[in-house]
Amino acid sequence: MDAGHVLTAPLQVRIAGFALLALTFFYLGKHWSDGYQKLIFFSSTQNDGGGAVARGSPTVALSPNFNKSFDVPALIDRNDTQSAPDKFLDSGQPPSAASPPPPPPAVKRYGIVDSNGTMSDDFEVGEFDPESVERLNNDTDTQEGGDGDGDRDGEESGGFSISKFPMCHLNSKEYIPCLDNEVAIKKLVSTEKGERFERHCPDKGLNCLVPQPKGYRKPIPWPKSRDEVWFSNVPHPKLVKDKGGQNWITVVKDKFKFPGGGTQFIHGADEYIDQISQMIPEIAFGFNTRVVLDIGCGVASFGAYLFSRNVTTLSIAPKDVHENQIQFALERGVPAMVAAFATRRLLYPSQAFDLIHCSRCRVNWTRDDGILLLEVDRMLRAGRYFVWAAQPVYKHEEALEVQWKEMLDLTTRLCWKLVKREKYVAIWQKPVNNSCYLSRAQGTKPPLCDPEDNPDSVWYVDLKACITRLPQNGYGANVSSWPERLVTPPDRLQTVQIDAYTSRNELFKAEMRFWKEVISGYVRAFHWKEIGMRNVLDMRAGYGGFAAAMLDQQIDAWVLNVVPVSGPNTLPVIYDRGLIGVTHDWCEPFDTYPRTYDLLHASGLFSVERRRCNVSSIMLEMDRILRPGGGAYIRDTLAVMKEVEAIAKAMGWATDLRDSGEGPRASYGLMRCDKH
């Protein structure tokens, strides 16, 4: 029958023909779809069977969606990708060693519509990481599915919810993961240069909550805490026995008392600071000198007494035989970190400090061609001062006189000028430019560093026996005096590697205005001036606008600004403003004791870092370093906030999720957390 006959056929025949044709296509489609090859995935990583991921030839695996049915509307509602909890350490065993992580891989950016419906370039595509989808319960209660509230939280945070985290073993009350890794330390080839005091991070972070000491009490508020703290909060009398005769620390009933002395200034820090000021009036504490580094700080009385002179001092010491000295400093409310001069650069930028101080700090400055003093030189601002109070300065014993001559020889080759030597204190000044370095005799050691060396690159970077070049344009030296420098865009703002160039000063000022408005709101709504916080950590500090706003509001607290390695290095700008900070990778634990901070502030941290590491590992680290009774303020996208809230509740934190201030339709939210 030709086409003309079909069209003229009776209606019933035409309907029957079309029905038969439709059934035929339906049968053929179903048959071929059932027999079609299943979807497969290719990956450039493979598992060696022991849990390690090895690079090699691509592997093939069936799609995880094979043989599953899906509720498409439900999937659309929870379309935010969430990381599942990673494997963690057993709470009763010490962690194993791990090599420093490689830098994050270069990413390819694509335009994509963000949550507000606008095009954005802030989208990263990385390699598939099998570790990110592993889950090991390790005694942590979890729930999947169900109809209760826990299930609802699980749906909004990636298909799971956490009921609670267990407590760690009692012997972990003062556990610092990357500094207490005994397994890794025992494997070190050598420890003669202090390698054991450096970072050796475990493969996995804690999956439990670090307990507090028996009888722990709410810390004594500042400024009273400068002079006394509760014995039960840092129950370690060894330092009293070792240093009791040097006016460091004493025990009186249920408190430690701090008379304000030190090994080299037993008559008190105030008198000692006055002596330095009289020796070099140009130091001008609180005006020309705003940011100080105290090396081998003891219980940090030097820094504690400089606070009254508008000086912020970062006190550092290794976790060595002087048991818990940094923990005492932090309990007093003084900025401090565990750090050691050993084989790697310290985590601070070049030209960071206006004055660097060492009083009997037990550092051999002249070893290995002066490599440790060269690290001081890198961090010391051009034209500023190094203060050394030690026996070689004033004692006339033969061995000590040899040490003094070696120090003089080294500092001369570094072009440092000995500006004053009085009683038991010697003070050197660093040059303001490279002219002296370039005029030295050929072959003089140490040489100048390679022009391509970045003196602000510090994360797992080895020390170098060379002199850090000063910028030809004077960047770093041309800072205003305090307090003008806090609000003045510094020269080194132009060196930050971000897309903007001509608008950098405007970005700096905009960030400052933003945080000024936010902090003033916190003061009004949350009574920040009355809650008694002292030690504050800003986990993603930017240009330091949060810390600057705290000072503007005259909140009696200090802020340690953390610049994550995953973003642009703004740390030089923070120091040029007269603030303090440190470089850190939040995929690893932080170098401080448990119960260090009264307030943790994280703005936009999790939405960035969850691309690189597990959210729960960061949250558990926050719990470790947060004091009982302290709080956390988290500002982030609503897409990540539900997961953060679920983890916070699993840690026992009280949470309060609310609008960030931009209105109910904003893509950001604010969560207040309290650690009971």
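A disulfide is a pair of cysteine sulfur atoms within 2.5 Å. The structure is a predicted model, in which local features need pLDDT of at least 70, side-chain atom pairs count only at pLDDT 80 or more, and totals for chains, interfaces and linings use all residues. Residues are numbered from 1 along each chain as its sequence is written, and side-chain values use heavy atoms, with hydrogens and water left out.

A search of the whole structure finds 6 disulfides. With the bonded cysteines of the chain numbered in sequence order, they pair as 1-4, 2-3, 5-6, 7-8, 9-10 and 11-12.

Cys358 and Cys361 are linked, with sulfur atoms 1.9 Å apart. This link is left-handed, at -80 degrees about the S-S bond. Cys358 is buried (under 20% relative accessible area; exposed is over 50%, partly exposed in between; 1.4 Å probe, protein chains only), at 0%. Cys361 is buried too, at 10%.

Cys415 and Cys436 form another disulfide, with 2.1 Å between their sulfur atoms. Its S-S torsion is about -85 degrees, so the bond is left-handed. Cys415 sits in the loop between α12 (398–413) and β17 (417–422), and Cys436 in helix α13 (residues 435–438), so the pair ties together parts 21 residues apart in sequence. Helices (H or I, at least four residues) and strands (E, at least two) are DSSP runs, numbered from the N terminus. Cys415 is buried at 9%, whereas Cys436 is partly exposed at 30%.

Cys587 is joined to Cys613, S to S 2.3 Å. The link is left-handed, with -80 degrees about the S-S bond. Cys587 is partly exposed at 29%; Cys613 is buried at 12%.
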